[in-house]
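The sequence and the structure are shown first, and a short account follows.

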Amino acid sequence: MTPSPSRIRRLAGAALMLLVTSLVIFLLIEAAPGDPAEIMLGTSAQADTLAALRDQLGLDRPLMVRYLAWLGGVVTGNMGQSYTYGVPVAGLIAERMLVTLPLTLMATLLAVGVSVPLGVMAAARQGRAGDGLATVFAQMGIAVPNFWIGLLLILVFALKLGWFPVGGFPGWGDAGWGDAGWGAISALILPAVALAIPQAAVLTRVTRAAVLDVAAEDFIRTARAKGLSRHRALWRHTVPNALLPVVTMLGLQIPFLISGAVLVENVFSLPGIGTLAYQALSQRDLIVVQNVVLLFAAIVLAVNAGTDALYARLDPRLKARQ
Amino acid sequence: MRLPKSLILGAAITAIMVGAAVLSRVWTPADPTAMNIVARLQAPDAAHWFGTDPIGRDVLSIIMAGAWTSLGIAMLATAIGGAAGTLLGVTAAARGGRAERLVMGFNGVLFAFPPILSAILLGALMGPGAVTAITAIGVFMVPVFARISRAAAIQIWARDYISAARMAGKNDIRITAEHVLPNILPQIIVQLAIQTGLAILSEAGLSFLGMGVSPPTPSWGRMLSESQTYLAAAPHLVLAPGLAIAVTVLGLNLLGDGLRDLTDPRRGQAG
Amino acid sequence: MLSIRNLRVTFGERPALNGIDLSLARGRTLGVVGESGSGKSVMALAVMGLLPRTARATGRIGFDGRDILTMPERDLCALRGNRIGMIFQEPMTALNPAMRIGAQIAEGLILHQGLSRRDARAKVMHLLDMVRIPRAAERIDSFPHELSGGQRQRVGIAIALALTPDLLIADEPTTALDVTVQAQILDILDDLVAELGIALMLISHDLGVIARIADDTLVLYRGTLIEQGPTERVLRRPGHDYTRTLLDALPPRVRATLRDAP
């Protein structure tokens with residue numbers, strides 16, 4: 001299948017937005033005070049050593065050249081050296097991703113796994129006790145900061161009950177799925193729950209509303225007229241059609257998921273990307289800040305473009321409307 | 001007319017929190033900056049309803065003073081971002097075509113900068129502080145309000161009385177000011193309430209990471225950050241600011257939901 | 001086979017049907033006519049046992065000796081689609097947009113007869129031919145939006161007829177369609193009812209549609225049964241002013257064809 005013109009246009013639009021985003025990030029970091037060479041060598045460095053390093057880093061080249069060099073580097077995986085860690089930024093990010101990616105993935109799975117059944121249940125029992133409880137959960141979950149949930153989870157499940165570590169991350173180890181694997185996962189469980197609760201609350205609310213909307217559609221009556229029980233019509237006809245808004249909301253929640261990850265990693269002292277960005281900022285390791293922020297922004301843009309595409313796949317009608 | 005329950009409850013909670021914030025400017029139970037090392041880390045009692053902190057300050061007083069900070073930053077950020085976003089949205093709806101695509105692209109870019117990312121970038125540029133926090137939160141409000149106001153304005157533009165106004169020779173700006181804005185105002189107000197709640201959460205997150213207002217200005221997020229060390233010894237230090245945040249956001253959300261029920265009987269989409 | 005006695009339906013305080021009596025035998029077509037809001041669709045839903053929860057129904061809807069109004073939900077599910085089929089007004093919204101039409105038709109077959117997917121698919125091909133959908137082999141995997149309104153309504157008929165029900169309820173099956181397509185759909189319905197020996201309850205606000213295929217006609221006005229009898233008698237010698245108003249509202253040319261009907 002050849003891509004349709006609308007799809008090409010949308011892809012080009014996403015690429016352009018990414019380009020503008022990278023330029024904004026680059027210019028803001030450029031405008032920030034602090035000389036990378038000085039940060040790397042310390043304030044006591046000799047003037048000619050500094051000059052040599054600046055030359056080596058290419059800091060004396062014109063702005064646009066440096067911007068393009070950075071972009072080229074991002075594409076080829078060469079994002080430069082961290083000022084403070086002295087290692088390639090790309091490697092640093094990849095290493096920290098091994099924490100952040102599983103964390104956000106676990107949180108998303110948990111949030112979807114809880115919210116979709118809960119939202120469907122609430123809609124199916126509209127106005128009854130189960131619905132009320134789900135609504136209260138949704139209202140509370142949206143209002144509660146995830147880093148506070150994290151603190152409370154630590155208080156109860158780590159300090160009082162001792163079921164999980166208070167924080168930190170043992171690493172995945174070489175053994176793969178041995179004890180090291182379990183240690184790593186158990187270190188991620190509480191953070192994932194903290195990250196998942198607000199997400200689950202939002203998604204529960206959206207699922208409930210979407211299921212109620214779809215349940216009022218004519219084709220649900222058609223399904224019931226075929227002899228499908230209420231339960232079967234709900235799961236075979238209502239829920240699949242109600243998932244569209246849920247998927248959209250999942251995409252729209254990505255910025256909050258990323259923000260949440262930065263906070264939750266901080267609470268649980270997890271060496272993830274969020275912690276990396278936060279520490280890099282306090283150490284003025286601006287090249288790390290620059291690349292990490294670009295990475296996050298690119299993820300948001302990519303997820304949104306992906307959500308649009310997925311939406312079109314899930315709803316065959318949209319293809320026709322294009 | 002019967003008011004929605006959520007509206008009454010939400011308005012009451014919001015009024016109490018705003019009231020506490022305003023009151024804190026002239027009166028708090030104790031001086032929120034007065035240290036008293038002897039009475040440090042005390043659990044809640046009659047003298048200190050929410051207990052005392054690691055240097056013996058009255059937690060309730062700090063919470064009240066923190067309400068001024070949190071609500072102030074959240075409301076300013078939402079108002080500024082909301083105004084800018086709404087302006088962009090109605091412009092996009094009025095102009096259509098290229099201008100609309102441009103606005104939507106701009107929206108997409110801004111949407112890629114959740115408050116914490118903006119704050120990290122802006123923090124690199126100008127350090128932490130109220131201005132950084134307000135800008136970081138406000139930037140993210142722009143695409144949110146632009147999207148909502150554009151969608152709402154497009155619906156208004158399709159109405160018959162707009163055609164009539166056009167026939168009468170009114171230009172886009174006048175039609176937007178006289179017909180579009182007043183008609184989308186209810187939806188914008190609903191969003192202002194809900195987004196202020198989200199802004200409170202963002203502000204708390206920024207303060208928690210040390211990217212919000214600097215000490216000694218009290219803030220709920222920083223209180224939580226400072227409480228981490230005393231998690232086991234003084235859990236009340238974790239509970240009080242967290243509850244303050246949660247209750248305030250809950251109140252604003254209920255207020256928003258209630259206003260939506262009031263203005264849109266068909267029940268708007270969640271989210 | 002279907003006999004309704006003194007059926008009353010109310011929504012809260014508001015009555016929707018005030019004491020309807022009718023009976024319908026196998027192989028016969030009953031036309032139910034009335035303006036929108038006259039309670040036609042409420043009657044259809046009552047017979048399907050699909051009234052909304054807010055509705056209160058009294059009286060008796062006898063189907064094969066059992067009362068639909070008091071039947072447990074499990075038995076109703078076994079009846080719906082299997083013994084009673086229904087065709088809805090809006091072909092645009094009556095089909096699940098995210099499900100292929102073949103699967104939607106097969107669903108009832110798999111549910112009630114326990115057919116395997118392959119057997120059901122063969123039956124679906126046959127049904128698509130029966131409702132005269134061209135190139136059924138290509139259409140079977142289409143989504144509803146890929147079909148025209150008329151074709152979608154044929155899919156609706158195929159769903160309703162999949163299990164050869166004893167009673168078919170068609171609620172304004174042609175209202176949303178173009179005039180030429182209306183005629184085709186009515187022909188298909190008329191032929192199938194005769195061929196399969198099905199009892200058809202045809203609900204319409206359009207006397208022209210009723211006159212075309214109904215053996216008997218029942219006129220509803222604001223939930224009340226105004227008159228009923230053989231279609232020819234009702235249309236030629238209406239016994240009630242309201243029926244006459246309905247007739248007068250028809251375009252003159254249609255009225256002429258009614259008069260010429262044998």
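## A residue in chain C

In which helix of chain C does C:Gln153 lie? The residue belongs to helix H6 of chain C, which covers residues 149-161. The model under discussion is a predicted one.

C:Gln153 has a relative accessible area of 2% and is therefore buried, since buried means under 20%. With its neighbours within four places in sequence left aside, the residue is in contact with C:Ile87, C:Phe88, C:Gln89 and C:Pro91, and also with C:Pro173, C:Leu177 and C:Ile185.

## Paired strands in chain C

Strand S1 of chain C (residues 2-11) pairs with two strands. With strand S2 of chain C (residues 14-24), S1(C) runs antiparallel and is joined by 8 bridges. Within this pairing, C:Leu24 of S2(C) is the bridge partner of C:Leu2. The two strands form a hairpin with 2 residues between them, and C:Gly12 in the turn has a positive phi of about 60°.

With strand S4 of chain C (residues 55-63), S1(C) again pairs in the antiparallel sense, over 8 bridges. Here C:Arg5 stands opposite C:Arg60 of S4(C).

## How the chains meet

Of the 2 pairs of chains that touch, chains A and B have the most contacts. Chains B and C, by contrast, do not touch, and their nearest C-alpha atoms are 19 Å apart.

Between chains A and B, 47 residues of chain A are in contact with 43 residues of chain B. Together the two chains bury about 4100 Å², of which 79% is on carbon and sulfur atoms. The interface holds 1 salt bridge and 5 residue pairs in polar contact. In that salt bridge, A:Arg205 is joined to B:Asp257, with 2.9 Å between the closest N and O atoms. On the chain B side, at least two residues each come from helices H3 (97-111), H4 (115-126), H7 (172-208), H8 (220-227) and H9 (236-263). H9(B) gives the most, with 12 residues. By class, this side of chain B has 31 nonpolar, 10 polar and 2 charged residues.

## Salt bridges within the chains

Side chains of opposite charge can pair when their charged atoms come close. Over all chains, the count comes to 27 salt bridges. One of them lies within chain B, where B:Arg222 and B:Glu226 have their closest N and O atoms 3.6 Å apart. These two residues are separated by about one helical turn, because they are 4 residues apart in helix H8 of chain B. B:Arg222 is buried, at 13% relative accessible area, whereas B:Glu226 is partly exposed, at 37%.

In chain C, C:Glu73 forms a salt bridge with C:Arg80, the closest N and O atoms being 3.4 Å apart. C:Glu73 is partly exposed, with a relative accessible area of 33%, while C:Arg80 is buried, at 2%. Another salt bridge in chain C joins C:Asp241 and C:Arg244, at 2.6 Å from N to O. These residues are 3 apart in helix H10 of chain C (residues 241-248), so about one helical turn separates them. C:Arg244 is partly exposed, at 37% relative accessibility, and C:Asp241 is exposed, at 54%. Salt bridges with shared partners also link C:Arg26, C:Asp64, C:Arg83 and C:Asp166 into one network.

Technical notes. Residues are numbered from 1 along each chain as its sequence is written. Chains are lettered from A and ligands numbered from 1 in the order in which they are written. This is a predicted model: local features need pLDDT of at least 70, side-chain atom pairs count only at pLDDT 80 or more; totals for chains, interfaces and linings use all residues. Side-chain values use heavy atoms; hydrogens and water are left out. Two strands pair if DSSP finds at least two bridges between them. Buried means under 20% relative accessible area, exposed over 50%, partly exposed in between (1.4 Å probe, protein chains only). Contact means heavy atoms within 4.5 Å. Buried area is the accessible area (1.4 Å probe) that two parts lose on being put together, summed over both. A salt bridge is a side-chain nitrogen of Lys or Arg within 4 Å of a carboxyl oxygen of Asp or Glu. A polar contact is a pair of N or O atoms within 3.5 Å; within protein, one must be able to donate a hydrogen and the other to accept it, and residues adjacent in sequence count only if both atoms are side-chain atoms. Ala, Val, Leu, Ile, Met, Phe, Trp, Tyr, Cys and Pro count as nonpolar, Asp, Glu, Lys and Arg as charged, and the others, Gly among them, as polar.
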